[in-house]
Amino acid sequence: MSLSVVIATTVEDPAFGPVRIRVDGDEGVAEVTGHGLPRAVLRRALKTAPRTSVPIGTRDAAALALTVGGAPAGLSLGKGRFTRRSYAVEAAYEGHAYRLVPRGETFSRLSLDGTVLGDFTSPGHGRPGRATWKPRAKALPRDAAIGYVLTAAFGTGAKPLSDGLAEAGGSVFDIFS
């Protein structure tokens, strides 16, 4: 199965300058680089059958490997069901806990150890967007690299609960028709 998702874009981050983002769904890789940012790479295991609903091809953390600046980082993913929070993505790096949670249809919020760092928006069509950093959060380059690679790999935002329930209801109806 081919995902045919290949995105190569540069986002102008307000605090960190140009951030280069590359996502290849067929290859199963999302990569973020930028001046002063550690290289962040999220890679899907080669033998994992890709899902077309996820840019990286899977939400199975066991089938994914995240590195930041060449060092491994932990990854935990929500099931991605009916609520926006169920699409949460968590990363553990250098003793810190990152959490990316959809907050609307086109944006997700990144927090570090429970403190909000900023929001990531999408311009649509599956393209990663730029971050809006909270001034008091004082985001670091590693924070930006992790936020951008997570949004590139899993997307930004999620449909509201009502849309998810309507889709589920339609699926149940299809079973009985």
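Author: Buried means under 20% relative accessible area, exposed over 50%, and partly exposed in between (1.4 Å probe, protein chains only). The model is predicted, so local features need pLDDT of at least 70 and side-chain atom pairs count only at pLDDT 80 or more, while totals for chains, interfaces and linings use all residues. Residues are numbered from 1 along each chain as its sequence is written, and side-chain values use heavy atoms, with hydrogens and water left out.

Reader: What is a salt bridge?

Author: Side chains of opposite charge can pair when their charged atoms come close. The criterion is a side-chain nitrogen of Lys or Arg within 4 Å of a carboxyl oxygen of Asp or Glu.

Reader: How many salt bridges does the structure hold?

Author: It holds 8 salt bridges. In one of them, E27 pairs with R22, with the closest N and O atoms 3.2 Å apart. E27 is partly exposed at 37% relative accessible area, and R22 is partly exposed at 30%.

Reader: Is E31, the partner of R39 in a salt bridge, buried or exposed?

Author: E31 counts as buried, at 18% relative accessibility. Its salt bridge with R39 spans 2.6 Å from N to O, and R39 is partly exposed at 45%.

Reader: Where do R142 and E94 lie?

Author: Their side chains meet in a salt bridge of 3.5 Å, N to O. R142 lies in helix α1 (residues 141-154) and E94 in the loop between β7 (89-93) and β8 (96-102), so the pair ties together parts 48 residues apart in sequence. Helices (H or I, at least four residues) and strands (E, at least two) are DSSP runs, numbered from the N terminus. R142 counts as buried at 19%, whereas E94 is exposed at 54%.

Reader: Which residues do shared partners join into one network?

Author: R22, E27, E31 and R39 are joined in this way.
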